[in-house]
Amino acid sequence: MPIDLRSDTVTKPSPAMLEAMFTAEVGDDVLGDDPTVLTLEAKAARLFGMEAALFCTSGTMTNQLAIRTHTRPGDDVICDQLSHVHLYEGGGIAVNALASLSLAQGERGKLTPELVRDHIQPDDLHKPITRLVCLENTVNKGGGCYYTIPEIAAIRQVCDEHGLKLHLDGARLFNALVETGESPEAYGQLFDSISICLSKGLGCPVGSLLLGKTDVIKQARRYRKLMGGGWRQAGYLAAAGIYALDHHINRLKLDHARARKIGQMLLLLPEVEEIYPIDTNIVIFRLNQNILAADYVDELARKGILAVTFGKHLVRFVTHLDFTDEHLLSLEEKIKEGVVSQG
């Protein structure tokens, strides 16, 4: 079997998670009577100290539902130019919310209060109305870097001063939380809505959650139905989410430790020019200018290592719960002499 470092979405349910899924009590989620879905939504909302939650198929859906709920057609959304909602959601903000974007250039994809202020549209009939700020934590394109609560609180203050809503794309939020030691409840106090993914580091086969006030979630549920996102017996998948929240959060530190060890291996390779700081479970490295990332990834695949390109000369590895210490040793053996010839 290849060593799969393409993403933390590639994980398979553990035997214990499968057992929880197979024994789940289910109903019809669209009719509101799937008990396991209701339990998952209540559990997640309670964890973050928020009023309600909505179980959806993906983080893209939860982000898009939040943005549509917080904005009106013609409004403007502030986010970083590296953000997932801009780069990897198929232009959904334009299609679903009919909103425009003001793209900031933060350090490694992180916004600051100053950047937010600078991108608020003036009160001018020629300009759209700024309505929403979106943060991402951790930042995928930033190599898994993360915000701290004081950094977010400063941005929240700017939002309050200007009457803006604040949404968090928290697809890998738990990776940030295990590093900072901060509480989910602190996040619930700062954001109008939070998206958390269950199928990345937490290891579920499918699913994300949108958290927010009751009225926000009620409206998002209507939009979910409009988008064809209603579930039926989704409790089988929700049971995996419950298991993950109970058992797979603290172990994320193992993924981070293994990512840092990969970084140490890469430092020794002649073809590697730069490695982004490794804060969590994402390793991004830059190749020498004479090596294309696409060619390099193909060569890795021939060695039994799966990765993705992240730019013309950038490659990304992501560690996860199915990547073990044995895989780490095998990876070192496969790449220790370099992946491509420098001649």
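A quick definition before you click: a salt bridge here is a side-chain nitrogen of Lys or Arg within 4 Å of a carboxyl oxygen of Asp or Glu. Keep in mind that this is a predicted model.

Start by selecting Arg251 and Asp255. They form a salt bridge, with the closest N and O atoms 2.6 Å apart.

Next stop: Glu179 and Arg260. Their side chains meet in a salt bridge, 3.2 Å from N to O. Colour the helices and you'll see that this pair links distant parts of the chain, with Glu179 in α8 (residues 173-180) and Arg260 in α12 (residues 252-266), 81 residues apart. Glu179 is partly exposed, with a relative accessible area of 27%, and Arg260 is partly exposed as well, at 32%.

Now hop over to Asp279 and Arg108, a salt bridge whose closest N and O atoms are 3.1 Å apart. Asp279 sits in the loop between β9 (272-275) and β10 (282-287), and Arg108 in the loop between β4 (100-104) and α6 (113-119), so the pair ties together parts 171 residues apart in sequence. Asp279 is partly exposed at 21%, and Arg108 is partly exposed at 23%.

Key
Residues are numbered from 1 along each chain as its sequence is written. This is a predicted model: local features need pLDDT of at least 70, side-chain atom pairs count only at pLDDT 80 or more; totals for chains, interfaces and linings use all residues. Side-chain values use heavy atoms; hydrogens and water are left out. Helices (H or I, at least four residues) and strands (E, at least two) are DSSP runs, numbered from the N terminus. Buried means under 20% relative accessible area, exposed over 50%, partly exposed in between (1.4 Å probe, protein chains only).
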